[in-house]
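Me: I've got this one open and want to go through it by question and answer. Where do we begin?

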Amino acid sequence: MSNRALGRATLARQSLLSRSELSPLDMIEHLCGLQAQAPAPPYFALWARLRRFRAESLSDLVENRAVVRIVAMRGTVFALSAPDALTFRPLAQPLLDRDLHTNTQHRSSLDGIDLGALAAAGRELVRDEPRTQSQMRPLLEQRFPGRDGAALAHGVRGLVPMVQVPPRGLWGRSGQPALATLESWVGRPLSEAPSIDTMLLRYLAAFGPASARDAQAWSGLTRLGEVLDRLRPGIRVFAGESGPELFDLPDAPRPDPGTPAPVRILAPFDNVLLSHADRGRLVDDDVRKKIFTQNGIVKPAVLVNGRVAAFTTTVVEKSRAVLDVEPLATIAKTHRTAIEAEGRRLLKFAHPEATDRAVRFTS
């Protein structure tokens with residue numbers, strides 16, 4: 001399969017060829033969660049994919065505990081449905097365990113500590129009320145004298161499935177991430193037998209066709225080639241343009257490579273740009289280096305004809321909201337017109353109170 005064919009297949013599954021009528025919760029589950037290091041990106045990710053999306057609909061899901069913000073794949077924060085959190089979080093535990101032993105910042109402070117006792121202490125500290133990591137640090141230092149509180153709190157983060165409770169993650173509101181255990185917050189236990197096979201099939205439905213390395217880049221887990229080999233009899237296998245075998249669900253959409261792809265403005269940290277080892281299906285390598293910053297920020301990318309061609313920055317001053325678009329490739333006039341129209345829709349969604357909204361291209 002060519003990179004263009006892979007790109008069209010991925011965009012179709014991500015509802016980036018045409019916006020979907022799914023509910024926000026159904027879309028979150030279809031996408032296996034939304035990247036959520038910061039509070040706002042999940043809202044912009046859904047806006048890019050859903051028709052008539054209202055930010056309040058996701059805030060309601062977070063407040064009602066149907067969606068939770070939790071460390072999961074790749075050891076980063078995702079917005080997941082409660083059922084997916086109860087399944088995906090246990091499957092992510094090996095990479096979080098690995099981090100406890102390899103994290104250069106905290107490894108020395110955790111060396112030799114009783115991890116079971118640390119996990120129990122973390123659970124006890126949030127049993128009666130949610131606490132932030134900064135609140136937990138001095139309390140953990142009292143229980144583990146001579147140990148660094150930041151390292152202890154980091155250890156609890158990896159050992160105990162914890163969610164960031166509201167108002168963190170609500171539209172237009174914020175606050176420090178206060179933590180509660182996942183089980184207590186949603187009132188259900190972790191999955192006792194989570195299936196990595198099912199998890200990978202879900203990944204292919206949202207991001208395929210994909211290689212074993214792609215699946216590992218998405219999840220942070222290792223040895224997934226063995227899982228895909230086990231699944232091979234029930235899935236399709238393609239030859240990729242760059243070499244590795246690509247796995248896919250038999251009936252998943254794979255549009256003609258010539259299918260038109262509309263302009264889309266992605267969320268910051270949009271997971272569609274982070275979920276493959278080979279990102280050539282959507283972004284050229286020289287462009288990727290301008291979207292992914294050295295300090296881990298992934299800028300809001302603009303897709304033109306199915307590829308990243310620019311990024312955006314929003315500037316808000318009093319009643320004026322401006323979307324600056326910085327091209328990273330030559331953009332035809334017709335595409336600039338489409339970007340302006342999409343940018344105005346984005347500003348209306350994000351800043352409905354603004355009386356003056358503009359889209360401008362920077363040099």
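Reply: With the ring rule: rings of Phe, Tyr and Trp (its six-membered ring) pair if their centres lie within 6.5 Å, and planes under 30 degrees apart count as stacked, over 60 as edge-to-face and the rest as tilted. Keep in mind that this is a predicted model, where local features need pLDDT of at least 70 and side-chain atom pairs pLDDT 80 or more, while totals for chains, interfaces and linings use all residues. Residues are numbered from 1 along each chain as its sequence is written, and side-chain values use heavy atoms, leaving out hydrogens and water.

Me: How many aromatic pairs does a search of the whole structure find?

Reply: The search covers the whole structure, and its count of aromatic pairs is 9. Take phenylalanine 44 and tryptophan 171, with 5.8 Å centre to centre and 70° between the planes. That geometry makes this aromatic pair edge-to-face.

Me: How many residues apart in sequence are the parts that phenylalanine 44 and tryptophan 171 tie together?

Reply: Phenylalanine 44 sits in helix α3 (residues 41-49); helices (H or I, at least four residues) and strands (E, at least two) are DSSP runs, numbered from the N terminus. Tryptophan 171 belongs to the loop between β5 (162-164) and β6 (178-181). The sequence separation of the parts they tie together is therefore 127 residues.

Me: Is phenylalanine 44 buried or exposed?

Reply: Buried is under 20% relative accessible area, exposed over 50% and partly exposed in between (1.4 Å probe, protein chains only). Tryptophan 171, at 25%, comes out partly exposed. Phenylalanine 44 has 18% relative accessible area, so this residue is buried.

Me: Which kind of aromatic pair do tryptophan 47 and phenylalanine 349 form?

Reply: Their rings are 6.2 Å centre to centre with 25° between the planes, which makes the pair stacked. This pair links distant parts of the chain, 302 residues apart, with tryptophan 47 in helix α3 and phenylalanine 349 in helix α16 (residues 333-350). Tryptophan 47 and phenylalanine 349 are both buried. As for the kind of pair asked about: stacked.

Me: Which residues form one aromatic cluster?

Reply: Both pairs discussed above contribute to it: Phe44 and Trp171, along with Trp47 and Phe349, are among its members.

Me: At what angle do α3 and α16 pack?

Reply: Axes are lines fitted to C-alpha atoms, for helices over the stretch in contact, and angles run from 0 to 180 degrees between N-to-C directions. Contact means heavy atoms within 4.5 Å, and here Tyr43, Phe44 and Trp47 of α3 meet Glu342, Arg345, Leu346, Phe349 and Ala350 of α16. The axes of α3 and α16 are 11 Å apart, and the packing angle is about 135°.

Me: How are α3 and α16 oriented to each other?

Reply: Angles under 35 degrees count as roughly parallel, over 145 as roughly antiparallel, 65 to 115 as roughly perpendicular and the rest as oblique. The angle for α3 and α16 is about 135°. That is why the two helices are oblique.

Me: How far apart are the axes of helix α9 and helix α10?

Reply: Helix α9 (residues 133-143) and helix α10 (residues 149-159) pack at about 110°. This makes α9 roughly perpendicular to α10. The contact involves residues including Met136 and Leu140 of α9, and Leu152 and Val156 of α10. The distance between the two axes is 8 Å.

Me: Which residues does serine 15 touch, not counting residues up to four places away in sequence?

Reply: Serine 15 is in the loop between α1 (3-13) and α2 (24-30), and takes a positive phi of about 55° just after α1. Its relative accessible area is 10%, so serine 15 is buried. The residues serine 15 touches, beyond those sequence neighbours, are Ser20, Met27, Ala48 and Arg49.

Me: How many of the residues of α1 are buried?

Reply: The buried residues of α1 include Ala5, Leu6 and Arg13. Among the elements covering them are α2, α12 (196-207), β8 (245-248) and β10 (301-304). α1 is mostly covered, with a buried count out of 11 residues of 8.

Me: How far apart in space are arginine 51 and glycine 149?

Reply: Arginine 51 is in the loop between α3 and α4 (55-63) and, at 41% relative accessibility, counts as partly exposed. Leaving aside neighbours within four places, arginine 51 contacts Arg19, Ser20 and Glu21. Glycine 149 is 98 residues away in sequence, and the C-alpha to C-alpha distance is 45 Å.

Me: What separation do the C-alpha atoms of serine 363 and proline 327 have?

Reply: Serine 363 lies in the segment after β13 (356-361) and is exposed, with a relative accessible area of 94%. Proline 327 is 36 residues away along the chain, and the C-alpha separation is 7.4 Å.
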